[in-house]
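Please read it alongside the sequence and the coordinates.

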Amino acid sequence: GLFDVGATPAPPALSLVGGATTAQGAPFVVEVEADRETQEGAKLLLRVKEALRQHPGDRPVELRIATPGGVAVLDVPLKVALSADLVRAVEAAKGA
């Protein structure tokens, strides 16, 4: 399917986990490599959240932030509609 993990190799910074193949109601997981302490990292997270906000739906979102100290998991108070457009928007936000 469109969201099958591993269907198309992507650089680690663009890895998206979850999607149409996960159980209904399971969160849409977005993984980003960002340092929230830097302006660049904060801007990256804002772009990703804005991309998510543009695709409202009923799927909860989980944001995983990879840092040198480990992975922080943030519950995002947004729900999204899974689509190819959502995935493209999130990838574009992370690569901008």
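Predicted model: local features only at pLDDT ≥ 70, side-chain atom pairs only at ≥ 80, totals over all residues.

Contact here means heavy atoms within 4.5 Å.

**Helix packing**
- The axes of helix 1 and helix 2 come within 8 Å and cross at roughly 165 degrees, and because angles over 145 degrees count as roughly antiparallel, helix 1 is described as roughly antiparallel to helix 2.
- The crossing in which helix 1 passes helix 2 is right-handed.

**Nonpolar core**
- The largest nonpolar core has 19 residues, and those with the most contacts inside it are Phe 28, Val 30, Val 32, Val 48, Leu 52 and Leu 63.
- Two or more residues of this core come from each of strand 2 (28-33), helix 1 (39-53), strand 3, strand 4 (70-80) and helix 2 (84-95), with helix 1 giving the largest share, five residues.
- Leaving aside neighbours within four places in sequence, Val 48 is in contact with Val 30, Val 32, Leu 63, Ala 93 and Lys 94.

**Glu 62**
- Glu 62 lies in strand 3 (residues 56-67), and Glu 62 counts as buried because its relative accessible area is 15%, where buried means under 20%.
- Apart from neighbours within four places in sequence, Glu 62 is in contact with Pro 27, Phe 28, Val 29, Val 30, Val 73 and Leu 74.

Terms used:
Residues numbered from 1 in each chain as written. Heavy atoms only, no water. Helix = DSSP H or I, 4+ residues; strand = E, 2+ residues; numbered from the N terminus. Buried < 20%, exposed > 50% of the residue type's maximum accessible area, 1.4 Å probe, protein only. Core = buried A, V, L, I, M, F, W, Y, C linked by side-chain atoms within 4.5 Å. Axes fitted to C-alpha atoms, helices over the stretch in contact; angles between N-to-C directions. Parallel < 35°, antiparallel > 145°, perpendicular 65-115°, else oblique. Left-handed = near helix turned anticlockwise from the far one by under 90°.
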